[in-house]
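Please have a look at the sequence and the model first, and then we can go through the contacts together.

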Amino acid sequence: MSVRQVLDELGGVSRRTFYRWRELGYGPAAFKLPNGELRVWWRSDFHTWLRQLEAAA
């Protein structure tokens, strides 16, 4: 998933907030492509991350 796709699914979270979560270790697992773009590994990983946030709330 691209960062844009993740932000769209989160419904209003800014790009800066997403990257800040990543800096703090709260974001979903991701990797950088050779061109420097960030990608979340799998949609299922993203949904697992969301479920973990929900359970912790």
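First, a word on the ground rules. This is a predicted model, in which local features need pLDDT of at least 70 and side-chain atom pairs count only at pLDDT 80 or more, while totals for chains, interfaces and linings use all residues. Residues are numbered from 1 along each chain as its sequence is written, and side-chain values use heavy atoms, with hydrogens and water left out.

A nonpolar core here is a set of buried Ala, Val, Leu, Ile, Met, Phe, Trp, Tyr and Cys residues joined through side-chain atoms within 4.5 Å; buried means under 20% relative accessible area, exposed over 50%, and partly exposed in between, with a 1.4 Å probe and protein chains only. The largest such core has 10 residues, namely Met1, Val3, Val6, Leu7, Phe18, Ala30, Leu38, Val40, Phe46 and Trp49. Helix H1, strand S2 (38–40) and helix H3 each supply at least two residues of this core, and the largest share, 3 residues, comes from H1. Helices (H or I, at least four residues) and strands (E, at least two) are DSSP runs, numbered from the N terminus.

Which residues does Leu38 touch, leaving aside its neighbours within four places in sequence? With contact taken as heavy atoms within 4.5 Å, Leu38 meets Met1, Ser2, Val3, Phe18, Tyr19, Arg22, Ala30, Phe31 and Lys32.

Now to the rings. The structure holds 3 aromatic pairs. Rings of Phe, Tyr and Trp (its six-membered ring) pair if their centres lie within 6.5 Å; planes under 30 degrees apart count as stacked, over 60 as edge-to-face and the rest as tilted. One of the pairs joins Phe18 and Tyr19 edge-to-face, with 5.6 Å from centre to centre and 80° between the planes. Phe18 is buried at 0% relative accessibility, whereas Tyr19 is partly exposed, with a relative accessible area of 28%. Phe46 and Trp49 also pair: their ring centres are 5.9 Å apart and their planes are at 35°, so this pair is tilted. The two sit 3 residues apart in helix H3 (residues 43–56), and are therefore separated by about one helical turn. Phe46 is buried at 0% relative accessibility, and Trp49 is buried at 8%. Ring pairs link Trp21, Phe46 and Trp49 into a cluster.

Next, turn to the start of the chain. Ser2 lies in the segment before helix H1 (3–10) and is buried, at 16% relative accessibility. Beyond its neighbours within four places in sequence, Ser2 is in contact with Leu38 and Arg39.

Side chains of opposite charge can pair when their charged atoms come close. A salt bridge is counted here when a side-chain nitrogen of Lys or Arg is within 4 Å of a carboxyl oxygen of Asp or Glu, and by this rule there are 5 salt bridges. Arg39 meets Glu37 in one of them, at 3.1 Å from N to O. Glu37 is partly exposed, at 37% relative accessible area, and Arg39 is partly exposed at 22%. In helix H1, Arg4 bridges to Asp8, with the closest N and O atoms 3.4 Å apart; these two residues are 4 residues apart, about one turn of the helix. Arg4 is partly exposed, with a relative accessible area of 44%. Finally, Arg16 and Glu23 form a salt bridge at 3.3 Å, N to O, and a network of salt bridges links Arg16, Arg20 and Glu23.
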